[in-house]
Amino acid sequence: MKYVLVSGGVISGVGKGIIASSTGLLLKTTGLTVTSIKVDPYINIDAGTMSPIEHGEVYVTDDGGEMDLDLGNYERYLLTTLTRDHNITTGKIYKSVIERERIGHYLGKTVQVVPHITNAIQEWIERVAKIPVDESGAEPDVCIIELGGTVGDIESAPFIHAISQLQRRAGKGNFVQIHVSYVPVIHGEQKTKPTQRAISDVRSAGLNPDLIACRCERPLEDGTIQKIANMCSMDATQVVAVHDVTTTYHVPILLEKQKLINTIGEHLGLASVQRPPELIEQGSHMWKDWVKLARSQDHLHDTVSIALVGKYTALKDAYISVSKALEHASMYCHKKVEVIWVDSSHLEDEVLQTNPANFHKAWHAVCTAAGVLVPGAFGTRATTGMIKAIEWARTNNVPFLGLCLGMQLAVIEFARNVAGIKDAGSEELHPHAENHAIIYMPEVNKDQMGGTMRLGKHLSIFQKGTEWSRLRALYGPEVSQISERHRHRYEVNPEMVEDLEKAGLSFIGKDVKGERMEIIEIQDHPWFVGVQFHPEYLSRVLAPSKAFLGFFAAAAGCLDEVTQAVVAGQRSVLLKK
């Protein structure tokens with residue numbers, strides 16, 4: 001097994017995940033099978049109970065793992081399928097060691113950070129790195145490990161110690177480290193001292209970086225590169241510049257121009273790794289398509305505006321998979337997307353009294369957008385604004401897509417305003433409502449928050465008589481069921497379904513038992529679709545989610561053309577030209 005460690009210094013949040021994903025993509029385009037592991041030093045078992053405003057979105061894998069959002073980058077870039085074990089946290093490691101201690105695994109020894117915690121980290125990495133990530137079932141050739149946070153953080157110490165040991169266990173030629181550092185510009189001068197200090201710190205911690213990826217606002221000057229190389233005792237070829245680009249899809253192209261894979265290949269001896277000819281050919285086609293799609297974004301002028309109406313818009317990372325799925329759809333359609341971030345609380349009448357400027361600005365955004373998207377969330381705050389946005393989209397024939405809570409609120413809005421169901425509400429949001437259109441799923445544990453929802457991949461079955469569906473048409477006439485990832489603990493009340501369908505709300509997709517509502521759609525509308533699942537988790541750059549693609553195409557006015565292209569098997573409206 002070959003390992004590539006991506007660590008960070010100076011400050012966090014400078015793009016380790018994108019650099020790690022881009023490195024993996026470049027490796028994959030050479031015919032290698034690549035997997036990835038994200039190390040998060042926080043004590044939480046997983047990201048499931050974390051606030052989206054503080055930590056960003058919770059990403060969900062096929063097996064129901066609630067993960068750090070960077071795992072989404074890996075799956076999107078590498079077209080892989082990861083598991084809950086590909087995200088390591090301090091909580092998971094300590095929990096596993098304590099459970100072993102309780103059953104006497106350590107035979108009476110004093111359990112300590114070294115060697116027991118550090119050994120557990122290494123064992124976890126070595127085990128997970130071998131898990132197949134594609135349909136071939138083959139063990140991956142290379143494992144990308146991203147170490148969260150920055151080197152020097154107290155909570156990272158056990159992981160750094162463990163990885164330094166893993167480096168020795170892996171052996172020479174099987175381990176390479178990329179250290180990401182920030183190069184600030186002060187009074188017009190690119191400063192190298194923070195990077196020098198960061199490299200000194202990581203070396204003193206027991207690791208010795210092979211490459212430095214310098215994050216910067218503008219391209220690094222030759223003098224800056226040479227100074228960093230000299231002061232860090234490296235060759236200039238070991239210093240890679242990652243400056244700001246128009247989209248993150250350009251980062252792999254930027255790294256490829258600097259021959260990153262050649263440098264890594266020399267350190268890891270990748271020339272000796274056997275690669276099936278078909279994977280080499282697939283990788284070559286994948287890279288050509290990626291470059292063509294990424295570069296096309298710089299020459300597009302036809303922009304489609306989408307109002308993303310949510311309650312966590314203060315931190316855009318809270319909806320990162322949603323925004324990426326919109327980008328994937330826009331790239332397929334050969335158009336640009338402008339995501340207008342609308343705080344749903346600003347759409348509520350109370351704000352008109354307290355802050356009329358925010359109220360009118362929010363409503364102007366919704367009313368002028370080509371499409372309205374309401375994503376998932378939890379809790380009652382700001383949901384009234386979401387319902388108002390949904391009503392606007394429905395009554396004004398504006399393309400609408402509701403995800404998870406967005407679908408549930410669309411059901412409530414329809415029940416109240418079309419079906420005439422008095423005081424329709426949700427057990428979560430309106431516990432005292434007379435008629436609950438949305439109810440708690442009976443099998444969910446109400447007394448525990450973490451890991452108790454309906455999580456992971458589940459089937460949705462298209463119902464008979466729904467061949468008219470615009471969403472279903474994107475899958476082709478031969479597709480009768482789809483499999484998508486879920487994260488919810490509430491569902492549509494099955495006892496209310498008949499009344500809602502009589503009023504015109506069609507439940508075109510249900511679970512395998514026909515009891516749980518998965519997809520809603522209104523027939524006499526350009527595009528009014530709600531899904532209980534999260535299609536954004538399975539959207540990929542070269543394979544956009546059908547739900548997002550149909551929604552975006554409807555907003556762009558090219559749904560019929562896109563549907564024909566998708567059914568014909570064309571990977572992109574752009575690539576067919």
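1. Let's start with Ser426: at 1% relative accessibility, this residue counts as buried (under 20% relative accessible area, using a 1.4 Å probe and protein chains only). Ser426 sits in strand β16, residues 424–426 (strands are DSSP E runs of at least two residues).

2. Before going on, note that this is a predicted model, with local features needing pLDDT of at least 70 and side-chain atom pairs counting only at pLDDT 80 or more. Residues are numbered from 1 along each chain, and side-chain values use heavy atoms, leaving out hydrogens and water.

3. What does Ser426 touch? Leaving aside residues up to four places away in sequence, Ser426 touches Ile412, Pro431, His436 and Ile438 (contact means heavy atoms within 4.5 Å). A polar atom of the Ser426 side chain also lies 3.1 Å from the backbone nitrogen of Glu428.

4. Now for a helix pair. The axes of α1 (residues 16–28) and α3 (residues 70–78) are 9 Å apart, and the helices pack at about 25°. That angle makes α1 roughly parallel to α3 (angles under 35 degrees count as such). On the α1 side, the residues meeting α3 include Gly17, Ile18 and Leu25.

5. Next, have a look at α5 (residues 113–129) and α6 (residues 157–170), whose axes come within 9 Å and cross at roughly 60°. Among the contact residues are Ile117 and Ile121 of α5, plus Phe159 and Leu166 of α6.

Definitions and conventions. Axes are lines fitted to C-alpha atoms, for helices over the stretch in contact, and angles run from 0 to 180 degrees between N-to-C directions. Helices (H or I, at least four residues) and strands (E, at least two) are DSSP runs, numbered from the N terminus. Buried means under 20% relative accessible area, exposed over 50%, partly exposed in between (1.4 Å probe, protein chains only). A polar contact is a pair of N or O atoms within 3.5 Å; within protein, one must be able to donate a hydrogen and the other to accept it, and residues adjacent in sequence count only if both atoms are side-chain atoms. Angles under 35 degrees count as roughly parallel, over 145 as roughly antiparallel, 65 to 115 as roughly perpendicular and the rest as oblique.
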